[in-house]
Amino acid sequence: DLVCRMLDEGLFDTVKNFNVAFILMANPDGVELVYNGLFSVPKDCQMFLKNINNNNDCFKLWKASGCGVDINNNFDANYGLNVHSKNPASSGYIGKFVGSEKETRAIAEYTKSKNSFLSISYHSKGEEIYFNFFQNKQDLKRDKIIAKRFSESTGYKIKNVEKVSSGGYKDYCVQKLHIPALTIEVGSDKLVHPIGEEYLEEIFLKHKNVAKDVEFAYNIFIEFEGKKYV
């Protein structure tokens, strides 16, 4: 809903130096389960999903795909280093192998093909920003500048989850593509999943300057890329 609101408001309409691509939903079957439960999936999958959800009919805290793979643990970035589950689960299962899921492959290949300079992943919740993942000294300096800009703009705090993260999309962008990447956890930690639409306006207002923040990130990226060849 947040990204759709950004599009509706035309926040990026005046951007000139680069294109902005939106992937509105990286895990559509997982989202469907959260909002509509077991009846949103074929009958032959329902028992499997209920079993790996601890025999629970409530899927409001479900994070994985419809196959029980946590997409954000399936990317090629320290894959399998922090294994939370060795079998399909509501969250934390890394999959049979790196990039085993079509969602993972599609997002990774698209990002790589577009010669991207920044990625932003909106998650919920907690009002936190994650940006680091074992960057070299110069990239870390660059990415910290960008993360600080987004932190000041949104009021969200920067948090280091480097040692407990692996296989994430943000991790992949940083480690394999060597570009700045942010995971932004929107919404107060006091809210319950899934966050209701009545909180959209409040969340959106904290991100209303995102286009200017991305332009800032672009200029910082270009500046640091130039320094690499001096």
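Me: How do you know that the span of helix α5 (residues 137-154) agrees with its number of residues?
Reply: This is a predicted model. Helix α5 has 18 residues, and at 1.5 Å a residue it should span 26 Å. Its end C-alpha atoms lie 26 Å apart, so the two values agree.

Me: Which residues of α5 are buried?
Reply: Asp139, Arg142, Asp143, Ile146, Ala147, Phe150, Ser151 and Thr154 are. Each falls under the 20% cut-off for relative accessible area. An α-helix has 3.6 residues a turn, so residues three or four places apart point the same way.

Me: What follows just after α5?
Reply: Glycine 155, with a positive phi of about 85°.

Me: Why is arginine 5 called buried?
Reply: Its relative accessibility is 18%. Buried means under 20%, so arginine 5 qualifies. Arginine 5 sits in helix α1 (residues 2-8). Leaving out residues up to four places away in sequence, arginine 5 touches Glu201 and Phe204.

Me: Why is strand β4 (residues 181-185) called largely enclosed?
Reply: Five of its five residues are buried, so the rest of the structure largely encloses it. Both faces are covered. Ala181, Thr183 and Glu185 are buried on one side, Leu182 and Ile184 on the other.

Me: What makes β1 and β4 a pair?
Reply: Pairing needs at least two bridges. Strand β1 (residues 119-123) and β4 have five, in the parallel sense, so they pair. Serine 119 stands opposite alanine 181.

Me: What joins strand β2 (residues 128-130) to β4?
Reply: Three bridges, with the strands running antiparallel. Within β4, threonine 183 is the bridge partner of tyrosine 130.

Me: How do you know that the radius of gyration agrees with a compact globule?
Reply: A compact globule of 230 residues would have a radius near 17 Å. The protein has 18 Å, which agrees. Its C-alpha trace spans about 60 × 40 × 30 Å along the principal axes. Of the 230 residues, 47% count as buried.

Me: How many helices and strands does the protein have, and in which pattern?
Reply: Eight helices and four strands. Along the sequence they read α-α-α-α-β-β-α-β-α-β-α-α.

Definitions and conventions. Residues are numbered from 1 along each chain as its sequence is written. This is a predicted model: local features need pLDDT of at least 70, side-chain atom pairs count only at pLDDT 80 or more; totals for chains, interfaces and linings use all residues. Side-chain values use heavy atoms; hydrogens and water are left out. Helices (H or I, at least four residues) and strands (E, at least two) are DSSP runs, numbered from the N terminus. Buried means under 20% relative accessible area, exposed over 50%, partly exposed in between (1.4 Å probe, protein chains only). Contact means heavy atoms within 4.5 Å. The expected span of a helix is 1.5 Å times one less than its number of residues. The radius of gyration is taken over C-alpha atoms; the globule rule is 2.2 Å times the number of residues to the power 0.38.
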